[in-house]
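Thanks for coming. I have one structure to show today, and I will go through it piece by piece. Please have a look at it first.

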Amino acid sequence: MDTLLVLTTLPDRTQAETLAASLVEARHAACVTVLPAARSIYRWQGVIESAEEIMLLIKTQDQAYPALEAAIRAAHPYDVPEILAFPAVRGLPAYLAWVHAET
């Protein structure tokens with residue numbers, strides 16, 4: 001099973017929770033964890049910026065990734081949203097099976 005953990009950030013809790021719910025509803029993700037606010041410091045268009053953001057931890061499978069990415073891009077307010085996918089090298093087999101059954 002090729003399970004992925006996908007990260008993205010949004011500018012506020014309302015947008016984060018709305019996106020999280022839509023990803024689960026559409027079965028692009030089995031589960032989305034909405035973390036508390038974090039401060040991001042980054043360079044954008046030559047200027048160092050600082051912003052409070054909400055991070056989403058999205059659990060999905062490799063074959064669902066293209067549709068997941070498209071859904072995030074379509075709903076995301078940023079020009080270039082952070083979308084990073086990491087393979088789950090190990091995990092509880094029952095949990096990994098559940099992720100695959102739900103996506």
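How many residues lie between β2 and β3 in their hairpin? Two residues do, and Gln 45 in that turn has a positive phi of about 55 degrees. Before I go on, note that this is a predicted model.

Let me stay with Gln 45 for a moment. Its phi is positive although Gln 45 is not a glycine. Most residues other than glycine have a negative phi. With a relative accessibility of 66%, Gln 45 counts as exposed.

Now the strands on either side of that turn. β2, which covers residues 31–44, pairs with β3 in the antiparallel sense, over twelve bridges. β3 also runs antiparallel to β1, and eight bridges join those two strands.

Next, helix α2, residues 65–75. Which residues of α2 are buried? They are Tyr 65, Leu 68 and Ile 72. Seen down the helix axis, the buried residues fall within an arc of 60 degrees, so they line one face of α2. The other side of α2 has Pro 66, Arg 73 and Ala 74, which are exposed. What do the buried residues of α2 pack against? They pack against β1 (3–10), α1 (13–25), β3 (47–61) and β4 (84–87).

The largest nonpolar core has 16 residues. Those with the most contacts inside this core are Val 6, Leu 23, Val 32, Leu 56, Ile 58, Leu 68 and Ile 72. At least two residues of the core come from each of β1, α1, β3 and α2. The largest share is that of α1, with four residues. In soluble globular proteins, nonpolar side chains tend to be buried together.

Take Val 6 as an example from that list. Leaving aside residues up to four places away in sequence, Val 6 touches Leu 56, Leu 57, Ile 58, Thr 60, Tyr 65, Leu 68, Ile 83, Leu 84 and Ala 85.

Now the charged side chains. How many salt bridges does a search of the whole structure find? It finds two.

One of them joins the side chains of Arg 13 and Glu 17, at 3.3 Å from N to O. These two residues are four apart in helix α1, which means that about one helical turn separates them. Arg 13 is partly exposed, at 35% relative accessibility, and Glu 17 is partly exposed at 41%.

The other salt bridge is between the side chains of Arg 27 and Glu 102, at 3.5 Å from N to O. Arg 27 is in the loop between α1 and β2, while Glu 102 belongs to helix α3 (residues 93–102), so the pair ties together parts that are 75 residues apart in sequence. Arg 27 counts as partly exposed at 43% relative accessibility, as does Glu 102 at 29%.

I will take questions now.

Methods: Residues are numbered from 1 along each chain as its sequence is written. This is a predicted model: local features need pLDDT of at least 70, side-chain atom pairs count only at pLDDT 80 or more; totals for chains, interfaces and linings use all residues. Side-chain values use heavy atoms; hydrogens and water are left out. Buried means under 20% relative accessible area, exposed over 50%, partly exposed in between (1.4 Å probe, protein chains only). The arc is that of the directions from the helix axis to the C-beta atoms. Contact means heavy atoms within 4.5 Å. Two strands pair if DSSP finds at least two bridges between them. A nonpolar core is a set of buried Ala, Val, Leu, Ile, Met, Phe, Trp, Tyr and Cys residues joined through side-chain atoms within 4.5 Å. A salt bridge is a side-chain nitrogen of Lys or Arg within 4 Å of a carboxyl oxygen of Asp or Glu.
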